[in-house]
Amino acid sequence: MTGSLTGLPLFHAAFDLPREPIRHAQCPHHWKNAGPGVSEREYATSCADELDRLIQAEGPETVAAFIGEPVMGTGGIIPPPDSYWTEIQTVLERHDVLLIADEVVTGFGRLGTRFGADYYGMRPDFITIAKGLTSAYLPLSGVIVNERIWEVLEQGSARLGPIGHGWTYSAHPVCAAAGLANLDIIEREGLIENARTVGAYFQERLRSALSGHGMVGEVRGVGLLAAVEFAADKCGRAPFESDLKVGQRVAASCLENGIIARAMPHGDILGFAPPLVLSKDEADIIVDTSKKAIEHVWQAVARVVSAG
């Protein structure tokens, strides 16, 4: 069922997923999905209207919750369009549908705020947490619930007995100690503020250096989370042929020059999630190396496209 929640077809193929109870709303990617001349706010409204129709078609009383990442992660590092979460929450509250914020990627400072929900003014009923909780030094995850949900759990426990939520590795003392130590470092060294200030610099440098390149369709991101999506046709937003493996080749070229960048699985997209201790000088290195790698691949791809 959790595998069904992702909107990525790559993770559904050959597994008979998604399962029937799961429904997917529109991916809120303005650059790719909005029509010509449609503003971010107009597009956000259309996404919310589509969600409203989907909920009504299913029957609001049958819809348990809406789950989404404040900024989409593996799907391509896609920040939502302006006013998206405000519009979505209006629909959810109208139909009394719970909101689950998946903060495994965005939590604990990645966007320059403690949580992505803080950045976008979200009011989630549940927040899922993991990666940033321990900086992945040891595995630890959890769910934060608001008072509304906690009251229901308390009432149910009083009537039916304690909630059954104990697993083999729950509250593992070593993992919990790593989480506490990591959170202490984040607080003591001001890493959320660093992500906010250096992140803004990083975003500006990426856009100024790469947006005008002939192979780059979009540069996007928030804080220390960014992506560069490549396109064969900047205006028409048409992708490159998949067999050219543009994203993978750029990532490989970056690695050859000392920078680890991720070729995202959902298209020709280069993803960045640098550590929260990143400095402006290091941000410059990332941008300059990426530009060099993109130009290197562009020269090879341009020859293939011209020959074709």
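Reader: Hi! Let's start with the strands: in what sense do S2 and S3 pair, and over how many bridges?
Author: Hello! In this predicted model, strand S2, residues 98-102, runs parallel to its partner, strand S3, residues 126-129, and three bridges join the pair.

Reader: Nice. Which residue in S3 is the bridge partner of Ile-100?
Author: That would be Phe-126.

Reader: And what sheet do the strands form, and in which order?
Author: The sheet is open and has four strands, ordered S1-S2-S3-S4, with mixed pairing. The edges are strand S1 (65-68) and strand S4 (142-145), each of which pairs on one side only. From one strand to the next, the twist averages 20 degrees.

Reader: Great, thanks. Which strands does helix H4 touch where it packs on the sheet?
Author: Helix H4, residues 84-94, touches S1 and S2. The direction of H4 makes about 165 degrees with that of S1.

Reader: Switching topic to Asp-284: which helix is it in?
Author: Asp-284 sits in helix H10, which covers residues 280-307.

Reader: Is Asp-284 buried or exposed?
Author: Asp-284 counts as buried, because its relative accessibility is 19% and the cut-off for buried is under 20%.

Reader: Leaving out residues up to four places away in sequence, which residues does Asp-284 touch?
Author: Asp-284 touches Tyr-201 and Arg-205 on that count.

Notes
Residues numbered from 1 in each chain as written. Predicted model: local features only at pLDDT ≥ 70, side-chain atom pairs only at ≥ 80, totals over all residues. Heavy atoms only, no water. Helix = DSSP H or I, 4+ residues; strand = E, 2+ residues; numbered from the N terminus. Buried < 20%, exposed > 50% of the residue type's maximum accessible area, 1.4 Å probe, protein only. Contact = heavy atoms within 4.5 Å. Pairing = 2+ DSSP bridges. Axes fitted to C-alpha atoms, helices over the stretch in contact; angles between N-to-C directions.
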